[in-house]
Amino acid sequence: MKWVYLGVVMFAGAVFGSIFIQVLPSEQQLRLGNELTLYMNWMKQSSEVNSSYMFWDAFFGYFKWVVLLFVLGITVIGVPLIIVLNFLKGFLIGCSIHIVVQMFGTQGVLLSLVTVVPHNVIAVPVILILSSTAIGFSTFIVKKRLMTHAGNVREAFISYSAVAMSMLILLAVAAFIEVYISPQVMEWYLVQIPM
């Protein structure tokens with residue numbers, strides 16, 4: 001049930017990310033739009049992208065999320081930071097989608113569906129599951145070990161580590177989609193529409 005609350009926090013982050021882009025000064029919005037347009041044009045023309053490098057870069061980004069959430073779950077006092085990280089993930093997604101929609105209107109909605117959404121369909125639930133597991137492990141440590149001196153920490157830690165490793169494997173799939181599938185779909189989409 002914790003993942004539902006974390007999902008609400010992430011959704012709130014997405015809403016705030018969208019609002020944040022709207023309140024940026026017009027010069028900064030224009031600069032972000034120009035950078036996005038340059039990237040889109042590069043995607044249209046680029047045939048030699050080092051996909052292997054991009055995959056490991058994306059995977060390492062996800063790896064950092066997993067390690068950070070895992071460590072925060074162990075420290076017990078990191079629970080508020082886990083909540084903040086979920087808000088931040090939502091904030092970044094909200095910013096990304098809003099910039100694309102603001103730049104390209106209706107076409108931006110479709111473009112964000114083929115670029116931002118596919119890998120996040122895996123990444124967002126994985127981060128929510130790992131975050132709720134981290135909070136659950138912290139709660140176990142506080143309730144069972146510190147207050148009642150009951151429960152097996154070793155078993156709980158092994159279970160927690162297994163969940164983290166499983167989530168890392170799923171994030172590797174998300175990185176694969178982000179690097180190998182989304183750009184292909186985006187490239188096809190950009191050829192279809194004038195940007």
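**Aromatic pairs and nonpolar cores**

In this predicted model, W56 and F59 both belong to helix 3, where they are 3 residues apart, about one turn of the helix. Their rings form an aromatic pair of the edge-to-face kind, with 5.8 Å from centre to centre and 85° between the planes. The two partners are set apart by their accessibility. W56 has a relative accessibility of 51% and therefore counts as exposed, the threshold being over 50%. F59, at 16% relative accessibility, counts as buried, because the limit for that class is under 20%.

F59 also takes part in a pair with F55. Both of these residues lie in helix 3, with a separation of 4 residues, about one turn of the helix. A pair of aromatic rings is described by the distance of the centres and the angle of the planes. The ring centres of F55 and F59 are 6.2 Å apart and the planes meet at 10°, so this pair is stacked. F55 counts as buried, since its relative accessibility is 14%.

F55, W56 and F59 are linked by ring pairs with F176 and Y180 into a cluster. In total, 12 aromatic pairs are present in the structure. A further ring, that of W65, has the charged end of K89 over it, at 5.9 Å from the ring centre.

The largest nonpolar core comprises 36 residues, of which Y62, V66, L69, I82, L130, L171 and A175 touch the most other members. Two or more residues of this core are supplied by each of helix 1 (2-23), helix 3 (51-75), helix 4 (79-115), helix 5 (117-147) and helix 6 (153-192). Helix 5 provides the largest share, amounting to 11 residues. The surroundings of V66 illustrate the contacts of one such member: when residues up to four places away in sequence are not counted, V66 touches L130, A164, L168 and L171.

Terms used: Residues numbered from 1 in each chain as written. Predicted model: local features only at pLDDT ≥ 70, side-chain atom pairs only at ≥ 80, totals over all residues. Heavy atoms only, no water. Core = buried A, V, L, I, M, F, W, Y, C linked by side-chain atoms within 4.5 Å. Buried < 20%, exposed > 50% of the residue type's maximum accessible area, 1.4 Å probe, protein only. Contact = heavy atoms within 4.5 Å. Phe/Tyr/Trp six-rings, centres within 6.5 Å; stacked < 30°, edge-to-face > 60°. Lys NZ or Arg CZ within 6 Å of the ring centre and 35° of its normal.
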